[in-house]
There are 2 protein chains.
Amino acid sequence: MGHGTNRVEDMASPNNGTTAPATANARETIVEIHSVCLPPKKTAFQKLKKRFGDVFFPDDPLERFRNQTWRNRVILGLQSLFPIFTWGSQYDLKLLRSDVVSGLTIASLAIPQGISYAKLANLPPIVGLYSSFVPPLIYSVLGSSKHLAVGPVSIASLVMGSMLSESVSPTQDSILYLKLAFTSTFFAGLFQASLGLLRLGFVIDFLSKPTLIGFTAGAAVIVSLQQLKGLLGIVHFTGKMQFIPVMSSVFSHRSEWSWETILMGLGFLAILLTTRHISMRKPKLFWISAASPLASVVISTLLVFLIRNKTHAISFIGHLPKGLNPPSSNMLYFSGTHLALAIKTGIITGILSLTEGIAVGRTFASLKNYQVNGNKEMMAIGFMNMAGSCTSCYVTTGSFSRSAVNYNAGAKTAVSNIVMASAVLVTLLFLMPLFYYTPNLILAAIILTAVIGLIDYQAAYKLWKVDKFDFFTCMCSFFGVLLVSVPLGLAIAVGVSVLKILLHVTRPNTLEFGNIQGTQIYQSVKRYREASRIPGFLILAVESPIYFANSTYLQERILRWTREEEARIKENNGSTLKCIILDMTAVSSIDTNGIEALFELRRRLEKQSLQLVLVNPVGSVMEKLHKSKIIESLGLSGLYLTVGEAVADLSSTWKAHGQP
Amino acid sequence: MGHGTNRVEDMASPNNGTTAPATANARETIVEIHSVCLPPKKTAFQKLKKRFGDVFFPDDPLERFRNQTWRNRVILGLQSLFPIFTWGSQYDLKLLRSDVVSGLTIASLAIPQGISYAKLANLPPIVGLYSSFVPPLIYSVLGSSKHLAVGPVSIASLVMGSMLSESVSPTQDSILYLKLAFTSTFFAGLFQASLGLLRLGFVIDFLSKPTLIGFTAGAAVIVSLQQLKGLLGIVHFTGKMQFIPVMSSVFSHRSEWSWETILMGLGFLAILLTTRHISMRKPKLFWISAASPLASVVISTLLVFLIRNKTHAISFIGHLPKGLNPPSSNMLYFSGTHLALAIKTGIITGILSLTEGIAVGRTFASLKNYQVNGNKEMMAIGFMNMAGSCTSCYVTTGSFSRSAVNYNAGAKTAVSNIVMASAVLVTLLFLMPLFYYTPNLILAAIILTAVIGLIDYQAAYKLWKVDKFDFFTCMCSFFGVLLVSVPLGLAIAVGVSVLKILLHVTRPNTLEFGNIQGTQIYQSVKRYREASRIPGFLILAVESPIYFANSTYLQERILRWTREEEARIKENNGSTLKCIILDMTAVSSIDTNGIEALFELRRRLEKQSLQLVLVNPVGSVMEKLHKSKIIESLGLSGLYLTVGEAVADLSSTWKAHGQP
């Protein structure tokens, strides 16, 4: 077999020198062998500290405080606690004008949506307006996003409504239900703030995008089906959320369908969907879809007012109390039979609203190229919900649809949230009686228009095209939510995602490598036709950490590779196999089971007179190999930095010993 | 900066040709760039089939059947179902002699241990002997290990005893307790056989070695403490298993301590421990420790018989029924309140006994260099337990201590199990009355001697030295079992192990690479002092798959690397950063979240006028990158096969455009 040089010229190092000059007789020069070094020594404590830092402080939050005077540190500290200090001093009239325009625009959306979403959570409509007043004010002081429009959102409202109403009837036990809603909101806030404080923000990463796409679509379908009550004018509707009971309830109450309601509802629905469609096609016309809900409310209220004496088929909101948010801290509920339910609802709505709020914040921050700090956002959203739970608000977060409108309307800072809150304040103080005749059907139509956009079938189709398993996860969460229940559907999807990680670790890929002729490159022989096997060697790459979960499998798999290779050689009358080279580049971690498997593998290969050689173990793996003394037991020619060096050195040794 | 050649000579390919001859003016030649190819095209079905094969048939069980005549296939099929056919035809007198010696040796251990372990499981002593008769016979036909000595074992006996006696009293409800024990055994067998049939053998891999070391040690301590009852002669002992209640029960019943029992117990314990110690030091003297339990039983029984009229302080076994295993299929219990308990106990004892049996089988198979097929062993052990549950046996598996004696006594085939079963048969038919005066203290001493060897503190110390996290897992399972409960301790340890995998995926390592001068090798600059950064480039290696669980983290971490690198450059007045090279060699998998993170990263780097380049994505990753069109969006110079080629090509391009 070809025994050659390992001469590689200096190529891109700063000091144009060539360390290994090309000689005429290059093929006879000695192979240059680089030793594999251990990573710099660290104590167990240092390692733990680094690991701790990586896990909890990957963003290095204290970096900005280094090399600063104490005065600056205090200012920086205040700014990082209250981002309003970062931009507050530079705030001017021009920014204010933009913020007022965008603030009023989102207010015109927030008022009808607030009322509608509160109904979705089975809460009195006024709670939706309360929730659009206090939380935005708090967020504008604590939050770091400039475009997030804060208030109630459809998914969290739906989840809270469905989870609480399974145990407590919102109509018969309305006070208890309200208490539980505020308590859940409190726990949601507590959970969110703790995640931020404990820097456990990565928990929300476990809700992967495919899970969320499926979940959101499933929830949107459920929400849409619930709106059939309002749109068809049904009075006795099921309290359940799943597809089958809702559909059967719709058709079993056909006698309650009211044609006036259906006609008016479909009319407004058509208007709302058309305006939404126009704005989606031309983002500059965002105001059309932004203004249409309020306009529809006004027009439909007028219509109902005008025909109030002619028909009673169309149900309307009725009396709403005037005035600011009443305090509700006395309604929080910290003991009793329903506490577990409140905590569970709080955690699930908390994590869902957090995911939405942070995703929305990141989306718009990335468009304008500023940073939104995940952990800080969690604290802001958490505190805003805890404060909200004491002022008659239910769970709130950054809404995707309103934030998009906010962004398009030219919002520059969180002041737009303050403007919106002021508009809601005016409504609460003076305009509540005007909603007396607002028909329920228009609320249903507004919700339907909002949630229909959440069914992202294009994203699902893309998942199918790019990654079948992700599509499977997405479908699990979609059907889980639609057919089983909201928390269980979510749990199934998260379970499937985690299972995928475990499965990948349990059955990792191993590849046979070959040399690409004329280079030092070794690549998969299956994938690169130019890559050819090297006689006497079997070069395998393991594509995963070696853990307890896969150490037995890998050991068996490598022995099977050896068997297959020997059969192949026999068939082709090739030269005998002498050495198994294990490329460890992609083995990012190893545990004691993995090390034992390597020992065992070496022992079994030795019995077949095969040598085992390890190539390029990464730092942490090298350290453990060293500590467990496997390196010593492999011998001098058992560890190389590159596959090329291993092949060159071993084959020249064999040549020196007169082996073929 | 140095712009050079990427000329590497052919080194070890079979056809001694040099594809890139060394020219005198080498430094001016064009860089040879290799394109990254896609893996061979496969349909989704083909991929699923391959994945399925990898997960369920990693050992390619049908390989042997290929290219065979039908006659041979039938023979091979029979051999693989009943391994006895593999060696049966070559069995001769010489082998038989070895097997008879070893079979009788393990019988002398199995009889006293069988009686003792049955007491550990709170079962009548005779059940322990029944269990040493039927299961070994079945295993000798179905099992593929030649050295496994089958029968009741301490851990599974303890777990069954502790789990069942928490709900049902073995003294007051003895019939129900017996029924539950047989039912649990049936479910254990069913579970084991199903794991084998469904080829889900990897489930037992999730009990990692550290978990098992801790668990076994914890269980051994619990078992030892339970023996205080027999050794101290306590009559009213607690039914609980945890450390604290047992110790308080021992000391609160000090009045029941009997000095005769203590004296005799400690005497025999000392003898047993000494003989065990001798055999451990000199494996050739294995027969000393193998014979001592039976000898102790005989001597102590004689002693008690002689002093039977002088004292009643020493409790003894009493009457044992004579005769063969009675059928017990009518005692299986498939409905009622305790069914869930029986299933749970069955699954836990099943998985534990399976783990022990397979580990023991593999250990001795590896010493004699033959293969033990995991899935087949599972079926053998499973069927033997299902059959056992119908013939008055409780859960059995391969015992470590008896298998070691079997191996040392020269066992050659599974016939030694048949010999042992025959010895047990003779005992059951004729010798049972001889055990009437066997004192309980000797059973306690035998159990103590057997389990003390299971506390492997040296292995725990090695874990501490090599891998702190594995040590932590080990301690979790040790203290979990000791202080909480057996199944919960096990669950905690498995949870911790899985959490480690998830944590590793959630916060993967990223490394900065530099070039080792004079080579094409790129390695971590922190680890290799020879590796130097290349001006204008930041070369990062990601050491993990990119998944939903880490995509956000990686994106942020890479941006932080960029910030830090720019700060470093500013400090040293280096040349501006222009390109981020991401070495994807160790990224063994990617999902849609990961791809989106790459898109987003590219977008954010572009805003800072930085180019993103990917290097050497593995096959499956490349496929997804291609499908998601990210390769196209990165442009022509966005993907290279090696870091060296990327650096060389990009810097020559910059030079051509007149950039520094």
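Arg560(A) is buried, at a relative accessible area of 12%, where buried stands for under 20%, exposed for over 50% and partly exposed for anything in between (1.4 Å probe, protein chains only). The side chain of Arg560(A) pairs up with that of Glu564(A) in a salt bridge of 3.0 Å, N to O; the term covers a side-chain nitrogen of Lys or Arg within 4 Å of a carboxyl oxygen of Asp or Glu. Glu564(A) is partly exposed, with a relative accessible area of 27%. Helices (H or I, at least four residues) and strands (E, at least two) are DSSP runs, numbered from the N terminus.

This is a predicted model, in which local features need pLDDT of at least 70 and side-chain atom pairs count only at pLDDT 80 or more, while totals for chains, interfaces and linings use all residues. Residues are numbered from 1 along each chain as its sequence is written, chains are lettered from A and ligands numbered from 1 in the order in which they are written, and side-chain values use heavy atoms, with hydrogens and water left out.

Over all chains, the structure holds 24 salt bridges. Another of them joins the side chains of Glu556(A) and Arg604(A), at 3.8 Å from N to O. Here distant parts of the chain are linked: Glu556(A) belongs to helix α22 (residues 551-572) of chain A and Arg604(A) to helix α23 (residues 592-607) of chain A, 48 residues apart. Glu556(A) is partly exposed at 26% relative accessible area, whereas Arg604(A) counts as buried at 12%.

What about pairs that cross between chains? The side chains of Glu596(A) and Lys209(B) form a salt bridge of 2.5 Å, N to O.

Turning to helix α18 (residues 457-466) of chain B, its buried residues are Ala459(B), Ala460(B), Leu463(B) and Val466(B). They lie on the same side of α18(B), because they cover an arc of only 135° around the axis, the arc being that of the directions from the helix axis to the C-beta atoms. Tyr457(B), Gln458(B) and Tyr461(B) are exposed on the other side of α18(B). The cover over the buried residues of α18(B) includes α23 and α24 (619-627) of chain A, along with α9 and α19 (468-484) of chain B.

Next come the nonpolar cores, each a set of buried Ala, Val, Leu, Ile, Met, Phe, Trp, Tyr and Cys residues joined through side-chain atoms within 4.5 Å. The largest has 103 residues, of which Leu123(B), Val159(B), Phe215(B), Leu352(B), Tyr394(B) and Leu428(B) touch the most other members. Leaving out neighbours within four places in sequence, Val159(B) is in contact (heavy atoms within 4.5 Å) with Phe215(B), Ile348(B), Thr349(B), Leu352(B) and Val486(B). A second, separate core of 102 residues has Phe215(A), Met241(A), Tyr333(A) and Met386(A) among its members.

Ser588(B) lies in the loop between β7 (579-583) and α22 (592-607) of chain B, and counts as buried at 4% relative accessibility. Its side chain and that of His504(A) are joined by a polar contact of 3.1 Å; such a contact is a pair of N or O atoms within 3.5 Å, where, within protein, one must be able to donate a hydrogen and the other to accept it, and residues adjacent in sequence count only if both atoms are side-chain atoms. Not counting residues up to four places away in sequence, Ser588(B) touches His504(A), Glu543(A), Pro545(B), Val618(B), Ser620(B) and Val621(B).

Ala646(B), in helix α25 (residues 643-656) of chain B, counts as buried at 0% relative accessibility. With neighbours within four places in sequence set aside, Ala646(B) is in contact with Ile581(B), Val613(B), Val615(B) and Tyr640(B).
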